[in-house]
Amino acid sequence: MIDKMLRAAELGLCDHCLGRHFASMGHGLSNAERGMAIRVVWTMLTGRDYRPVGPEECPVCRGLFSKIEKYAEMAIEALSKYEFETFLVGSRIPEELEEADRRVAEELGTEPEPLKRELNREVGKIVSARTGKEVDFEDPDIKVIIDARFDFVELQVKPLFLYGRYRKLVRGISQTKWPVPALGGRSKYGTSVEELVAGPVMEAAGGTEHLFHGMGREDVDARMLGNGRPFVLEIRNPVKRSLDLEALREEINRRAGGMIEVLELRPATRRDVERVKSLRPPKSYEVGVRIEGGVGREELEDALRRLVGVIEQRTPTRVLHRRADLVRRRRVYEAELVDLKGEEAVIRVKCEAGTYVKELMHGDGGRTRPSLAELLGKKVEVKYLDVVWVHDEEVE
Ligand SMILES: [Zn+2]
């Protein structure tokens, strides 16, 4: 090994690069200290003059490691605009440097620590010491990317995730800022649940963009009542991430002026986005219907009992333009009468995620079977529909 070191000392490498080729030796030393030690030993064993080599003259890094201080300052300057607890330094370096390093490794038969890792660690040490923030290799709040090819620093800021539940108290609001035409198209109020929730959060967090991940969504003309629908709000590039969530929740509700209400708001992670998007819990609905010609209470209650079980729904005509035409089997868990006055009835149903409840009532020209209309042998018109409970506690 000492032979390798003595040969390496004659290649004109800087201390950082010399030390990197022997990085597995000598715990607690930096590569620059290793490099200097090798050079001292070389001087003593060969009897020749000690001559340090700066990174500027180094044939491998070509000055890269003389910029550690400068990159650290650039990183600290960029980071100073953000609130964060943890960070990680990454880098992009010119391909020629890595090639030169490979040639030296082949010549010496060494396995050097990569150039990038040396740069990242040395810059990270300075940033950590001066900001008091910690390096996190797994999930840092901010990644600092040093681009050594063009001498700039770029930040990748972890989004802010907030979990909550919303109620939608009026009809005519879409869930997201990009309403789905088949669910009723553009909002009547010119806003959306997403915008009403995200507005105050964006102001408080100083983000650049927001995304709303709901656990499914209701039709634009349906209200969302009861325990509310779970969602995760994602704020991209937040400047601030420690927020008073209770004050924020109250502010959202105050500004929404009764259109929506957020029942809960707490910190979340990217994993919660996956969970909220993949869970498909049963839901309970309250449907107002008009039964043509009216119906007796017992007859209606009997029909509702027969509606419980497995039903078959062919893709409703109203969504055919965006969904494949096929038959889906869905389970209806409960169906009961809440109120009956003349031709008008209020019905509560609990069914599997993905059930088309309006079609379950009116039958969609026989495409949903059975349906309340079919069981009664009467024309059924849906007057309104509200989601009254999301049973996510049953699927978690
Ligand atoms: Zn070097």
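Q: In this predicted model, which residues is Leu233 in contact with, leaving aside its neighbours within four places in sequence?
A: The model is predicted. Leu233 is in contact with Leu162, Gly164, Val197, Ala198, Val201, His210 and Phe212, when neighbours within four places in sequence are set aside.

Q: And which residues have the most contacts inside the largest nonpolar core?
A: Those residues are Val197, Leu233, Val349 and Val357, in a core of 54 residues.

Q: Which helix gives the most to this core?
A: Helix 7, residues 193-205, gives the most, contributing six residues.

Q: How many residues are in the second, separate core?
A: That core has 34 residues, and Ala8, Phe22, Leu97 and Val144 are among them.

Q: Turning to the overall layout, how is the chain divided?
A: There is domain 1 (2-157), domain 2 (160-278) and domain 3 (283-394). The centres of domain 1 and domain 3, taken over C-alpha atoms, are separated by 68 Å.

Q: Now Asn227: what strand is it in?
A: Asn227 is in strand 7, which covers residues 223-236.

Q: Why does Asn227 count as partly exposed?
A: Asn227 has 18 C-beta neighbours inside 10 Å, so it counts as partly exposed; a buried residue would need 20 or more.

Q: What does Asn227 touch, not counting residues up to four places away in sequence?
A: Asn227 touches Arg165, Trp389 and Val390, with residues up to four places away not counted.

Q: What separates the C-alpha atoms of Asn227 and Gly365?
A: A distance of 33 Å separates these C-alpha atoms, and the two residues are 138 residues apart along the chain.

Technical notes
Residues are numbered from 1 along each chain as its sequence is written. This is a predicted model: local features need pLDDT of at least 70, side-chain atom pairs count only at pLDDT 80 or more; totals for chains, interfaces and linings use all residues. Domain bounds come from an automatic or database domain assignment. Helices (H or I, at least four residues) and strands (E, at least two) are DSSP runs, numbered from the N terminus. A residue is buried if 20 or more other C-beta atoms lie within 10 Å of its own, exposed if 12 or fewer, and partly exposed in between; C-beta atoms are placed from the backbone. Two residues are in contact if their C-beta atoms, placed from the backbone, lie within 7 Å. A nonpolar core is a set of buried Ala, Val, Leu, Ile, Met, Phe, Trp, Tyr and Cys residues joined through C-beta atoms within 7 Å.
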